[in-house]
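Take a walk through this model, one part at a time. The overall build comes before the details.

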Amino acid sequence: MSYHHVLSRRRFTIAALASIAAPAVVRAAPRVAVTDVLDRRVTVSRDVARIVLGFYFEDYLAVGGPGAHERLVGISRGAWEGWRNSQWKAYLSALPGLSDIADVGEVDAGTFSVEKVLSLDPDLVILAEWQYRGLGSAVAQLEAAGVPVVVLDYNTQSVERHVISTRLLGELLGRPERAARLADTYATAVEEVVRRVAAAGGERPAVYVELGNKGAGEVGNSYGDVMWGRLIELAGGANIARGRVSRWGPLNPEYVLAADPEAVFIAGSYWTNRDRAVLMGFGVDPEITRRRLAPYLERPGWQRLQAVRERRIHALYHGGARTLHDYAYLQYIAKVLYPEAFRDEDPLRTLQAHYENYLPIRAEGAFMVSYFGA
Amino acid sequence: MASTVSSARQRERTRARRRAFTLVTAFVLLSITLLFDILTGPAMLPLGEVSMALLSPTTTPQGMVSTIVWEIRLPMALTAVVVGASLAIAGTEMQTILDNPLASPYTLGLSAAAGFGAAVAILSGAALFGRTEWAVPGFAFLGAITGCAAIYAVGRLRGLSSGIMVLAGIAILFLFQSLLSLVQYLASPETLQEIVFWLFGSLLKASWQTVAVTAVVLFAVLPLLARDVWRLTALRLGEERARSLGIDVERLRLRVFLAVSLLTAAAVSFVGTIGFVGLVAPHVARMLVGEDQRFLLPLAALCGAVMLSAASILSKLISPGAVVPIGIVTAVAGLPFFFVLILRRGGGAR
């Protein structure tokens, strides 16, 4: 009985808030229909001014350009400040206004608050696909209150989804040319990698990728068909986790030895409170990354791996996957696997150029690190 | 008269012989599963090379085979055996001293308490004696010991009666489960994954150190329990009977409870939550040899070891290359087997 009571009270609150929000919707003519990555038709105001953003903060800023952050009235701050702390700090020093944006909670943590969103009177909510799915019926509550919800997806790590998401952001933010340029750069860069890999031919080298959040003493997750797993396949590698773990999960250390990968990539990030994790990201000295990589080579049997003998142990910034600039990481992986075919490419330079051209901060820190030096 | 005595003696002797035979069979079974566990793995090494590496660790030409066998397979296989035996013994003696067939390290909340300790260590990135790699097992151990202490403290208020201790254990289970949920709620996705994976129970962290620590605890506790086998057997006749035989039931309960706490804490702190073995292995053993602790104790240990060892093999066969957490496999694969045993025996377990 008390359950129903709470429920009805919440409904009432939402209805009340909706009635407050409604005039804003009426005010905001003219409107335009867009299609998001899930093929949902959504009608939004032609110039959105009050946006709640759940994820893909860097991609939002890259497409929206200078001033885009001023349109943000709410963000899932935990997904930025908590998960990508060094990145958050870097952006905060460039755009101090970020700290004033309201926190609407985070879907994975179960703290996302529809009421908070509605109280901010947004004219658009942008969510990642996994957030949209995680929210479930709460999305309907937002829509019932007249707040359009648009879904983006860079996580799938496919050119198609990347391009749709980018162009959609451009349409929403009134920056279609900038978005088209970014989307074309991305698609062209990926095509070029695929073309060169195909031209190089030969057998696809076996590759192992592991998340370095626990340090070498424990076995971290590997990626099957998503994120790094997908990038490795695109870069012409044979991901040894493919078909073993569907999305992510640890591999048996014995299997890694038996598969004898020709290259090993450890994904690092700026995890706080972790003195053995592989640290990477903005403002991190690559030497620290290397120091944290060293124990991996001391794992049982690793000295005999081809990857170690041929000095192909690398670290990648974990925040780099599932973004608009992950083609730079794709180039890096491809160059490790096919050095001849990518002799003229400088993936780190590609990454830096993306930041210089589209973002308010510079890519300074540890993003792509070779353990044995370049 | 004399003939009835001698025939009773005769019966006793055949029964002892049958029980000894059961023990030997279980031991042979364990040897087989252990060997099979070492022989199988995603590397699909040839049997000959594995045996070579096993028999002559120093002189094998194949470096990789030797590394896989000695550094990866053996620690995992032996951890499964030692942890399985420890949990089974812990379950048996908990069921005995608390006179409750549902008592086990898992049902009395000790696994949950250990899980909470581990989760706190994972979330906070704490260090123990300056070593972060000791923090998770160390905190898990502390968690389990805390759970035991709480059960003991509550039980003590009521003269260590078994009913109160079981109730306290169940309260501890709920308390630590909700604390655990709270920690999970506070954790970021990557940390959450780490916690959840710990809770599944996995042999992935097995190393020679885990084998050493768990084995030392097991072999330290075994002689202590062995001294009490008669008293524990007598306790199964009922508390009053045991008292009338001159047994100080409270002291016995305390002594055994301490031993069992140590055993459980050491076992779960390295491999995580493996619920099924501690509850079921004692029942299987009891169905086979009855209440006589001289046979029940070793057989339960062997049953637990066989179960976990077999689960380890199964988890490698289900999905070669990936690691299916052994805690999941144990319950899912072990349950049908257990049901069959109950149905065939017509409910010999109590």
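**From whole chain to single residues**

In chain A, 68% of the contacts with a separation of 6 or more join residues 24 or more positions apart. Two residues are in contact if their C-beta atoms, placed from the backbone, lie within 7 Å. The model is predicted: local features need pLDDT of at least 70, side-chain atom pairs count only at pLDDT 80 or more, and totals for chains, interfaces and linings use all residues. Residues are numbered from 1 along each chain as its sequence is written, while chains are lettered from A and ligands numbered from 1 in the order in which they are written.

Stay with chain A. Its C-alpha trace spans about 65 × 50 × 40 Å along the principal axes. Of the 374 residues, 50% count as buried. A residue is buried if 20 or more other C-beta atoms lie within 10 Å of its own, exposed if 12 or fewer, and partly exposed in between; C-beta atoms are placed from the backbone. The secondary structure of chain A comes to 15 helices and 16 strands. Helices (H or I, at least four residues) and strands (E, at least two) are DSSP runs, numbered from the N terminus.

Chain A has two domains: domain 1 (16–183) and domain 2 (203–370). These bounds come from an automatic or database domain assignment. The C-alpha centres of domain 1 of chain A and domain 2 of chain A lie 29 Å apart. Their contact takes 18 residues from domain 1 of chain A and 20 residues from domain 2 of chain A. On the domain 1 side, the elements that give two or more residues are α2 (57–64), α4 (85–94) and α8 (159–173) of chain A. Which of them gives the most? It is α4(A), with six residues. The residues on the domain 1 side divide into eight nonpolar, seven polar and three charged. Here Ala, Val, Leu, Ile, Met, Phe, Trp, Tyr, Cys and Pro count as nonpolar, Asp, Glu, Lys and Arg as charged, and the others, Gly among them, as polar.

Now look for a sheet in chain A. Five strands form an open, parallel sheet in the order β5-β4-β3-β6-β7. Two strands pair if DSSP finds at least two bridges between them. At the edges stand β5 (102–103) and β7 (149–152) of chain A; each has a single partner strand, so one side of each is left without a neighbour in the sheet. Strand β4 (residues 72–75) of chain A pairs with β5(A) in the parallel sense over two bridges. There, I75(A) stands opposite D103(A).

Move along to β6(A), residues 124–128. Five of its five residues are buried. In a regular strand the side chains alternate between the two faces of the sheet. Both faces of β6(A) are covered, with L124(A), I126(A) and A128(A) on one side and V125(A) and L127(A) on the other. Three bridges join β6(A) to strand β3 (residues 51–53) of chain A, and the two run parallel. V125(A) is the bridge partner of V52(A). With β7(A), β6(A) pairs in the parallel sense over four bridges. Here I126(A) has V150(A) as its bridge partner.

Next comes chain B. It puts 26 residues in contact with 28 residues of chain A. The largest share of the chain B side, seven residues, comes from α3(B). The residues on that side divide into 10 nonpolar, 10 polar and six charged.

Helix α3 (residues 63–98) of chain B also holds G84(B). With 32 C-beta neighbours inside 10 Å, G84(B) counts as buried. Beyond its neighbours within four places in sequence, G84(B) is in contact with several residues, including V277(B), G304(B) and S309(B). Follow that last contact. S309(B) is found in helix α13 (residues 293–318) of chain B. S309(B) is buried too, with 28 other C-beta atoms within 10 Å. The C-alpha atoms of S309(B) and L35(B) are 274 residues apart along the chain, yet separated by 9.6 Å.
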